[in-house]
Amino acid sequence: MQNTMAEQNVPAQAPTRTDEQIISVDILRNTNFFRAFSASASVPAIYIQQFWNSMKYDEKTGVYCCQVDEQWFNLSADLLRKALDITPVDPAHPFELPPTGDTVIDFVNQLGYPEPVEFVSNIRVNYVYQPWRAILTLINQCLTGKTSGGDKPRHPVLQMLWGIVTQTNVDHAELLWEEFTQGIQTFFSHKGNQKPVRRP
């Protein structure tokens, strides 16, 4: 019983990645969207609370603004593009519009979705074949923090996948911004529907 803690501990094996994960990360690495996955920051919780509690939308300019510490910031897709250092605007290589509506549904069907898709809302990440499932899971996890395979990818997420798979110069920052503003609108909607707490 004279063993030390170091002698008792067995070194853990290094984590291994499946072929699907390796392929997915390698595919993403070759897109201008990959930097968004590697960008990170450590933001104190108090700033996150202040961000959400001070968030405002200016209908005249269409810009969101928030206060962090003593400073006000205007939020836009351009700010997101610069912060994440992705999809730089290059007049020699203009962005192509991602597909909408039925074209996105046709794209998902061409990826081998196991049953015909009629509505984007019917698509489940877990039903998409590999490596596309792994890519969708990575995107969903980065945007929402969700890891469940039952997640429904939203329209901009499927447009991002289309840009990655087809290697099309898509403005990923604009699609990320669309997802971000949807999250803000959901926050405003929930905040507006909350009933005041009555104190006894």
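Helices (H or I, at least four residues) and strands (E, at least two) in these legends are DSSP runs, numbered from the N terminus. The model shown is predicted, so local features need pLDDT of at least 70 and side-chain atom pairs count only at pLDDT 80 or more, while totals for chains, interfaces and linings use all residues. Residues are numbered from 1 along each chain as its sequence is written, and side-chain values use heavy atoms, with hydrogens and water left out.

Figure 1. Of the 200 residues, 30% are buried (under 20% relative accessible area; exposed is over 50%, partly exposed in between, with a 1.4 Å probe and protein chains only). The chain exposes about 13800 Å², and carbon and sulfur atoms supply 52% of that area (Shrake-Rupley method, 1.4 Å probe; for residues, only the protein chains shown count as cover). Among contacts (heavy atoms within 4.5 Å) between residues at least 6 apart in sequence, 58% join residues at least 24 apart.

**Figure 2. Strands β2 and β3 form a hairpin with two residues between them.** Here β2 (residues 63–68) and β3 (residues 71–75) run antiparallel and pair over five bridges (strands pair if DSSP finds at least two bridges between them). To get your bearings, look for Gln67, whose bridge partner in β3 is Trp72. Now follow the chain into the loop between β2 and β3, where Asp69 sits. Phi of Asp69 is positive, near 60°, in a residue other than glycine. Asp69 counts as partly exposed, at 41% relative accessibility.

**Figure 3. Phe51, Trp52, Tyr57, Tyr64, Trp177 and Phe180 form one aromatic cluster.** Rings of Phe, Tyr and Trp (its six-membered ring) pair if their centres lie within 6.5 Å; planes under 30 degrees apart count as stacked, over 60 as edge-to-face and the rest as tilted. By this rule there are six aromatic pairs. One of them is Tyr64 with Trp177, whose ring centres are 6.1 Å apart and whose planes meet at 70°, so the pair is edge-to-face. Because Tyr64 lies in β2 and Trp177 in helix α9, this pair ties together parts that are 113 residues apart in sequence. Tyr64 is buried at a relative accessible area of 4%, and Trp177 is buried as well, at 13%. Trp177 also pairs with Phe180; these ring centres are 5.4 Å apart and the planes lie at 40°, so the pair is tilted. Both Trp177 and Phe180 belong to α9, three residues apart, or about one turn of the helix. Phe180 is partly exposed, with 28% relative accessibility.

**Figure 4. The side chains of Glu179 and Arg154 are joined by a polar contact of 2.7 Å.** A polar contact is a pair of N or O atoms within 3.5 Å; within protein, one must be able to donate a hydrogen and the other to accept it, and residues adjacent in sequence count only if both atoms are side-chain atoms. Glu179 is part of α9 (residues 172–193) and is buried, at 10% relative accessibility. Leaving aside residues up to four places away in sequence, Glu179 touches Leu143, Arg154, Pro156 and Val157.

**Figure 5. Ile164 lies in helix α8 (residues 155–166).** With a relative accessible area of 3%, Ile164 is buried. Setting aside residues up to four places away in sequence, its contacts are Ile27, Leu28, Thr31, Phe33, Ile135, Ile139 and His172. Trp132 is 32 residues from Ile164 in sequence and 9.9 Å away in space, C-alpha to C-alpha. Also worth a look is Gln167, in the loop between α8 and α9. Gln167 has a positive phi of about 55° although it is not a glycine, and it is exposed at 71% relative accessible area.

**Figure 6. In helix α5 (residues 77–84), the buried residues are Ala77, Arg81 and Leu84.** Seen down the axis of α5, these residues fall within an arc of 80° (taken from the directions from the helix axis to the C-beta atoms), so they line one face of the helix. Lys82 and Ala83 are exposed on the other side of α5. After α5 comes Asp85, with a positive phi near 55°.

**Figure 7. Gln130 and Pro131 are joined by a cis peptide bond.** Omega for this bond is about 0°. You will find Pro131 in the loop between α6 (102–110) and α7 (132–144).
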